[in-house]
Amino acid sequence: PFVPGDRGPSTGSTGLKAIARFPDDAHHLCRLTLSEQKLYSILGHAQVVSKYYVERDRAAMLDVMATRAQDCAHRADFKGSFGVVRALSGYKVTPIQSVFTKSGSVTTSETARKLRWQEHFAELFAGEVVASDAALATVSCKRVENHNFTFDLSDSVGCLKKLAKGKGLGPDKIPAELWVAGGLPAAHMVHTLHLQIVDSEIAPIPYKGGRITNLGKKGDIRVCKNNRGLLLSDHVAKGLLGMMKDEIEPAYNENISDTQFGAIAGGGTDVPHHIVRSAIEYARVHNLSIFVLFLDLTQAFDKIIRELVFGLPHHIPNDHSSRHQYLISIGISHESSNFVLDFLAQHGSIFQQWGIDPKIERVVNSVHSNSWFRYGDLKSCVVGRTGGRQGCKLGSIIFNAVYNIALKMVVKRLKDAGVLTAFASSEASPWWAQCEADAKVSHELADVTLVDDEALIIFAKSPAVLDKHVDIVLAIYVE
């Protein structure tokens, strides 16, 4: 950058000094024509000037990065700090030229490598490989007429402005920056499309999926399981999902258990860590036996039954036999299928229980029905029948909504079995202080959860009692 008052490098004889570097010897310089000597002079001067300003630009960039790092440190923004480190390190993603197959051999062609990644992600996400995405459209049998989900052009403008910059491109190869630069005409086009989607309750096929890419996380990245999958969807699809998420979040934050600290407003790792450590200290102070069970579910996000959140796909007939057969066809067991159908019949979908607008529920249902992803430029794609939709703005909401059912069922069973501990405390006193009987408030401590990572805490007055409680806890979890 040009600094006010900065006249740049001193010219003087700098150009002549630069000329001396070009010819191999002084005699060659004497043999140059006048025009060639002028060109050498101009080029040499340009080198010195450009080097000067590159150095100044680098110094300014380092000042900006230092300021950003300091700001991240003040705000405890670890993600931002990591971004600064990445920027300074010049990190570059190295493409994987070959991967190991199931048999242990190495792929020898680009097509074989892509097919191996497709095979891996299909198994990882319990998906089905189909020849193309042409047959993945869904329809709405009977549209909702009475609803309150409305939005105007200003909302569409706002949703485009919220698109994150510098993100990977979806299948349409259109960056978010281009949509933002399109201004009002682009917003009007997106607004018209979203109105049609909401009115018809039919999500376009591109809105249902995207392209998946691999990102190494540990070990030899040629081994597929040592990578994680990242779904890159079209940026234009994120606008409508963002508006629906804004409508869902108030009810979501109100209905999710207060012991869930993952993907929730005001959540994070600090509070659950503090609760577990405080429970251990409490047991030490009061001479109690304590058992903390740390539970980490395997591929939980990709195995939840999302129909509990917004019901079965619209095209499935409403009779019990057809609905049961559909659930069986997507890999759900008979027992789980009966549970889902009984739950929906008795309580309705989770969105219905939360009072979510029925039009939003229909559109979310359509987006997740036949959700898909494609690796690279393959024609075939993988259809995910269960789990939260990878890369979707609503993925964490759908997962926590389903997992919340299981957590409440487990806590109720533990309470009925008498293994939970109730703490009496005063709202005006710390937890270790004595308080009057009429001022006590009872709190039951069961667990703390961060998305799918749970820590269950139980106390007992003796090791023998604790041992019996552990048996009860494990039996309930296994069941």
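A: What follows goes through the salt bridges and the surroundings of their partners. This is a predicted model, in which local features need pLDDT of at least 70 and side-chain atom pairs count only at pLDDT 80 or more, while totals for chains, interfaces and linings use all residues. Residues are numbered from 1 along each chain as its sequence is written, and side-chain values use heavy atoms, with hydrogens and water left out.

The structure holds 18 salt bridges, a salt bridge being a side-chain nitrogen of Lys or Arg within 4 Å of a carboxyl oxygen of Asp or Glu. One of them joins the side chains of Lys102 and Glu119, at 3.9 Å from N to O. Because Lys102 lies in the loop between helix 4 (78-89) and helix 5 (110-124) while Glu119 belongs to helix 5, this pair ties together parts that are 17 residues apart in sequence; helices here are DSSP runs of H or I with at least four residues, numbered from the N terminus. Lys102 is exposed, at 55% relative accessible area, whereas Glu119 is partly exposed at 32% (buried means under 20%, exposed over 50%, and partly exposed in between, with a 1.4 Å probe and protein chains only).

Within helix 5, Glu110 and Arg113 are 3 residues apart, about one helical turn, and form a salt bridge whose closest N and O atoms are 2.6 Å apart. Here Glu110 is partly exposed at 38%, but Arg113 is buried at 9%.

Arg222 and Asp220 also pair through their side chains, at 3.2 Å from N to O; Arg222 is partly exposed at 34%, as is Asp220 at 32%. Finally, salt bridges with shared partners link Lys102, Arg116, Glu119 and Glu123 into one network.

Terms used. Helix = DSSP H or I, 4+ residues; strand = E, 2+ residues; numbered from the N terminus.
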